Every structure is written in structure tokens, then in C-alpha cells.
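Subject: Structure handover

Hello,

Here is the structure I said I would pass on. My notes on it follow below.

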Amino acid sequence: MREQARILVIDDEESIRKSLAAVLEENGYLVDTAENGREAIKKSETKIYNLALIDLRLPDMDGIELLTAMRETTPKMAKIVITGYPSLENAIEAVNRGADGYIVKPYTMDDILRKIKEHLQRQQEARKYSEEKVKEFIETRAEEYESRASEKRKPKK
């Protein structure tokens, strides 16, 4: 059985946090919420999340600052910025600071779910690739070790 993905929803509007959490939980995700950047950072330091949905405008810091802070605490977590104030400048800055996606309000739940699924699938593929590379590395080293060990066991003439 596959492990459930953990998602952190960061938005200062309670209704948005609750509605996103409800839909995501209905779709099989484990969800935590945070109403500001400080709370999000604290949660990401104590729990591992696969993905964060980050509102660009938060009461204590903007989403861009939060991206930078979360890149330090959880670099492998996918981070998707959500904003009702889209601009090319914001989008470029978000990507430069580590955002993996950018969603503009108003959005549909289907848009959110599709974007989340895409990012989690990429994350899963990257993890699988890494695991295969580690396995390949270990097998190669084991073969080299075995080869050296058998050379040492051969009687010298």
C-alpha cells in the first residue's frame, strides 16, 4: 500500500484553509493547515510534508519569503504558490525562490488536485530514480569488493 501524501495548506483565510483541507482529505491526503508563515515554518520543522500550498499574501510575511525559509527546512517538499494578485514579476520571483508551481485565484478544485497530483507523481518518480541509483551503486561496490576479496584469496605463486 502506498503511503499517504502529507500536504500543508498555508493561507490566512480560514474558509480557504478549511475548504482546501476538506477536499484534499476527501481525496486521500493527510492535511495540516497554517494561517501564517511562522506557523508554517514551525510545522515544517516538526513534520515532513510532501507538498505545501502557499498563499502569496500572508499577515506576517509574504509567500516569497516563506518559500525561502521553507527551502531551508524542507528542500524536497514541493511548493505551490497560490495568489489572487498575479503578476509576471511575482511568478518569476516565486520560481527563483523555489516554487514548483503557481496557481492563480480563482481556481477550481480540479485545478488544485491536478497540480498536486502532477507534483506528487514527479516527486515519486524522483524518489524511485534515486532508490534505483543507490541500489545500482551498492551492487556495483559489492561486486568490486567480492572481486578484490577473491583476488586476495588466490594462492600466490
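Helices here are DSSP runs of H or I with at least four residues, numbered from the N terminus. Please keep in mind that the model is predicted.

The largest pocket has a volume of about 740 Å³. Its lining is made up of 26 residues, and Asn50, Leu120, Gln123, Gln124 and Arg127 lie nearest the centre. Helix 5 (residues 109-153) supplies the largest share of that lining, with 10 residues. Sorted by class, the lining of the largest pocket has 8 nonpolar, 10 polar and 8 charged residues.

Next, Asp11, which sits in the loop between strand 1 (6-10) and helix 1 (14-26). Asp11 counts as buried because its relative accessibility is 3%, and the cut-off for buried is under 20%. A polar atom of the Asp11 side chain lies 2.8 Å from the backbone nitrogen of Glu13. Leaving aside residues up to four places away in sequence, Asp11 touches Ile16, Arg17, Ala34, Glu35, Asp55, Leu58 and Lys105.

Last, helix 2 (residues 37-46), whose buried residues are Gly37, Ala40, Ile41 and Ser44. Viewed down the axis of helix 2, these fall within an arc of 100°, so they line one face of the helix. They pack against strand 1, strand 2 (30-34) and helix 3 (63-73). Exposed residues Arg38, Lys42 and Thr46 are on the face turned away from the buried side of helix 2. The N-terminal end of helix 2 is capped by Asn36, with a side-chain oxygen 3.2 Å from the backbone nitrogen of Arg38.

Regards

Methods:
Residues numbered from 1 in each chain as written. Predicted model: local features only at pLDDT ≥ 70, side-chain atom pairs only at ≥ 80, totals over all residues. Heavy atoms only, no water. 1 Å grid on protein atoms, 1.4 Å probe; cavity = no way out; pocket = protein on both sides within 12 Å on 5 of 7 lines; lining within 4 Å. Points joined across faces, edges and corners; volume = space filled by probe spheres on them. Helix = DSSP H or I, 4+ residues; strand = E, 2+ residues; numbered from the N terminus. Nonpolar A, V, L, I, M, F, W, Y, C, P; charged D, E, K, R; others polar. Buried < 20%, exposed > 50% of the residue type's maximum accessible area, 1.4 Å probe, protein only. Polar contact = N/O pair within 3.5 Å; in protein donor to acceptor, adjacent residues only side chain to side chain. Contact = heavy atoms within 4.5 Å. Arc of directions from axis to C-beta.
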